[in-house]
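I opened the notebook with the sequence and the model side by side. Here is what I looked up, entry by entry.

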Amino acid sequence: MVFRRRTAILGLLALLPLVGGACGERFEEDDATGGLGPGAPEASATTTGPALPSGRGRTNGVTDDEIKIGYLLPLTGAAPVPSRFDKGVTAYWDYVNARGGIHGRQVTVVVEDTESQAEIGKDKAKKLVEDDEVFAVVVLDRLENQDAIGQYLNDLEVPTISIQTPADLPADQIWNFGVTIDHRVQGALVADYLVRDLGLSRLGVIHENTPALDPGVEAFEAEARELGADVVISRSIEGQAADFLNEALALSESRAEAVWLYMAPLPAARIANQSNDAGFHPIWFANSISWAFDLTFLVGPESLEGARAFSPWLPLSDPRTNEYQEQYRANNDGETPDDLGLVGWGVGQIVAAGLEAAGPDLGQNSFRDAMQHLRFAPDVWAPLDFDDGVRQGANRIAVLAEEDGRWVVERDFTSEF
Amino acid sequence: MLARLITGLTSGAGYALVAVGVVLVFRSMRVLSLAQGEIGAFGFFVGLRWADRGIPGVRWHISPLLTLVVAVVVSMLVALVVERFVVRPLASRPPIDALIATLGVALFLALLEKEMFGTAAQFAPSPVGAWKIEVFDATLTAPRVVAFVVLVVVAVLTWALFTRTRFGLGVLATAGDPAVARVLGVRVRRVYRFAWIVAGALAGLAAALLGAAFGGIAPFDMTRFGLRALAGAVIGGLDSIPGAIVGSLAVGVLESVVGGTFEEPGTAELAVLVLVLGTLLVRPRGLLGTEGAT
């Protein structure tokens with residue numbers, strides 16, 4: 001009897017991870033700044049925050065011959081980015097350093113793994129600031145994790161470059177700069193593109209179950225309605241799930257002409273594959289920071305044919321990325337570059353532009369001020385237009401289309417459809 | 001609804017292949033293995049790698065069908081290693097020791113997969129063709145159909161093994177009391193090896209078929225599927241192969257029907273958990289398990 005109970009308890013304990021899958025992750029929504037109206041990117045320019053610091057400021061991580069930059073990346077955990085991302089980072093800074101660095105200073109990087117968890121990300125941020133004494137931090141993670149890390153670094157008054165830009169970047173986060181399109185603005189633009197450009201009227205959206213994505217979904221639905229289109233299916237999924245047969249059947253029944261898969265690459269490819277198996281193949285749509293990477297086509301080679309995407313950076317097929325590709329190969333023994341490394345390269349260009357603009361008298365205040373007024377068009381990235389009160393600098397995207405298993409530019413950087 | 005029920009049965013068939021292995025191991029050694037799913041996944045990852053980059057040294061890119069064969073063979077070998085070097089040394093220890101050890105094996109294999117094959121998911125082309133059939137409005141792809149057919153074959157073979165062969169009776173005797181089985185001339189270690197090898201082969205089959213059915217495979221995926229298989233085994237009875245099959249099919253159907261009825265993510269998993277809890281509270285031995293066996 002004792003053995004029976006024990007075995008039963010052990011079995012129950014072993015099944016507990018199912019509960020994790022059932023409950024999902026819950027985060028409080030941040031509504032600190034009020035909302036931008038759907039399709040109204042200009043509204044972000046009017047956000048105001050606390051008084052801005054002036055003067056040179058602290059010089060942590062800066063010496064006469066070195067600038068130390070920290071990177072927080074989800075290298076492991078639930079939603080990891082392949083290590084080729086930080087190879088792109090290294091390739092860029094090696095390229096810069098070989099040309100004399102920034103105002104004579106060599107740039108070194110310290111990369112830490114957030115393990116795809118907000119709390120670990122904050123611990124690693126603390127390490128970067130206190131132990132490594134970095135000058136500024138670049139953060140990429142799931143949106144909700146990145147928000148939490150960004151807030152933490154902002155409280156420490158450390159300049160932070162967030163690769164994802166959440167909807168309504170809080171006005172009090174004056175140290176935090178987003179370098180991709182605001183998720184709420186993007187949601188409205190997705191509807192604009194599908195309805196106005198492609199002439200579709202039956203749209204769908206499937207998104208991961210996290211409140212951080214809700215503003216984007218709401219903006220998409222509102223804009224679609226405004227344009228007279230029907231959102232015939234809108235569902236959320238658990239990103240870690242594998243069996244999406246129910247979603248595939250529901251999509252098939254919806255007869256949507258285009259479906260925005262607002263999620264990571266693996267569930268997106270799986271939904272496309274399982275929908276394809278069920279005989280359903282709409283135009284699948286990606287927002288770039290989700291799955292508009294060439295590697296996604298390796299998981300769904302047939303089912304993702306004809307897919308479209310918004311991207312804040314160019315695809316590898318564009319010749320403007322050649323310099324990155326050459327440097328990547330040179331840095332990594334001829335290894336084939338990919339578009340994950342390209343993101344590392346592109347964000348490096350943005351940080352370098354901020355450092356250059358801050359001038360030789362570099363401090364955290366002067367860098368923050370330089371970023372705040374940065375107007376810069378990187379080679380591989382959407383043009384940035386920061387200004388007083390605006391820290392979402394890239395509300396433009398390139399439209400990409402699938403062609404022979406890779407992304408190509410359909411339309412260059414724009415914010416209008 | 002009927003379409004969801006039918007597709008749920010085919011998902012359940014995949015879980016059942018793993019669950020039969022879990023029960024075989026439990027019946028022979030009284031060890032609850034949490035490693036079965038990832039053992040199968042590792043074998044399938046090796047097959048996919050050889051299909052993509054060729055067999056090292058030979059550079060022969062194997063066909064999708066051979067990825068399934070490689071998955072089965074490699075999983076059998078991994079299972080054999082786990083039995084010999086991890087589980088057997090713990091055979092005389094409390095059952096929780098072996099359970100934790102198999103959890104460690106699952107984590108180790110998943111991390112090894114990440115290291116060897118990368119964190120990104122691998123596209124898993126169907127090893128059994130790209131054909132489909134329509135059954136009562138349900139479109140069933142080849143891997144789903146084959147999983148169900150293989151499950152039927154496995155059910156018949158295991159029934160024959162345990163009722164028609166001396167070796168099968170030896171397995172049952174070992175499950176009852178290994179010491180007595182030894183006295184009766186049963187080669188107990190051989191029974192242990194047999195159970196793990198068959199369980200490994202079934203896990204490899206399941207990984208190849210589920211991976212293809214679900215449109216790709218990533219590290220830790222099969223651990224999650226393995227937990228569904230374990231849920232099926234608990235519901236059906238940890239010492240009953242028919243129970244594991246029935247329980248796993250029930251899990252597949254429940255997931256499909258509840259997931260299709262309620263849009264909220266996680267509802268299907270919650271329903272499975274409720275069923276497991278209900279089973280443990282009302283009938284701890286499971287639907288078809290033996291009283292006192294667990």
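**Ground rules.** I count two strands as paired if DSSP finds at least two bridges between them. Helices (H or I, at least four residues) and strands (E, at least two) are DSSP runs, numbered from the N terminus. This is a predicted model, in which local features need pLDDT of at least 70 and side-chain atom pairs count only at pLDDT 80 or more, while totals for chains, interfaces and linings use all residues. Residues are numbered from 1 along each chain as its sequence is written, and chains are lettered from A and ligands numbered from 1 in the order in which they are written.

**Entry 1: the sheet of chain A.** I found five strands of chain A in an open sheet with parallel pairing, in the order β2-β1-β3-β4-β5. At its edges I noted β2 (106-113) and β5 (176-178) of chain A, each of which pairs on one side only. The average twist from one strand to the next is 20 degrees. I then looked at one pair inside the sheet: β3 (residues 136-139) and β4 (residues 160-162) of chain A pair in the parallel sense over three bridges. V138(A) has I161(A) in β4(A) as its bridge partner. Helix α2(A) packs on this sheet, touching β1 (66-73) and β2 of chain A, and its direction makes about 170 degrees with that of β2(A). For contacts, I require the C-beta atoms of two residues, placed from the backbone, to lie within 7 Å. For angles, I use lines fitted to C-alpha atoms as axes, for helices over the stretch in contact, and let angles run from 0 to 180 degrees between N-to-C directions.

**Entry 2: a residue on α2(A).** I picked W93(A), which is found in helix α2 of chain A. Is W93(A) buried or exposed? I call W93(A) buried because 24 other C-beta atoms lie within 10 Å. The cut-offs are 20 or more other C-beta atoms within 10 Å for buried, 12 or fewer for exposed, and partly exposed in between, with C-beta atoms placed from the backbone. Leaving aside neighbours within four places in sequence, W93(A) is in contact with V107(A), V109(A) and G348(A). I also checked G346(A): it is 253 residues from W93(A) in sequence and 11 Å away in space, C-alpha to C-alpha.

**Entry 3: α2(A) against α11(A).** From α2(A), K87(A), G88(A), T90(A), A91(A), D94(A) and Y95(A) meet Q327(A), Y328(A) and N331(A) of α11(A). I sorted the residues of this contact into three nonpolar, four polar and two charged. In that sorting, Ala, Val, Leu, Ile, Met, Phe, Trp, Tyr, Cys and Pro count as nonpolar, Asp, Glu, Lys and Arg as charged, and the others, Gly among them, as polar.

**Entry 4: the two domains of chain A.** The domain assignment gives domain 1 (59-181 + 319-395) and domain 2 (183-311) of chain A; such bounds come from an automatic or database domain assignment. Their centres, taken over C-alpha atoms, are 29 Å apart. I found 16 residues of domain 1 in contact with 15 residues of domain 2 in chain A. On the domain 1 side, α4 (143-155) and α12 (339-358) of chain A each supply at least two residues. Which helix gives the largest share of that side? It is α4(A), with three residues.

**Entry 5: over to chain B.** I looked up M222(B), which lies in helix α9 (residues 221-236) of chain B. M222(B) counts as buried, with 33 C-beta neighbours inside 10 Å. V150(B), in helix α5 (residues 142-164) of chain B, counts as partly exposed with 19 such neighbours inside 10 Å. Not counting residues up to four places away in sequence, V150(B) touches L17(B) and L205(B).
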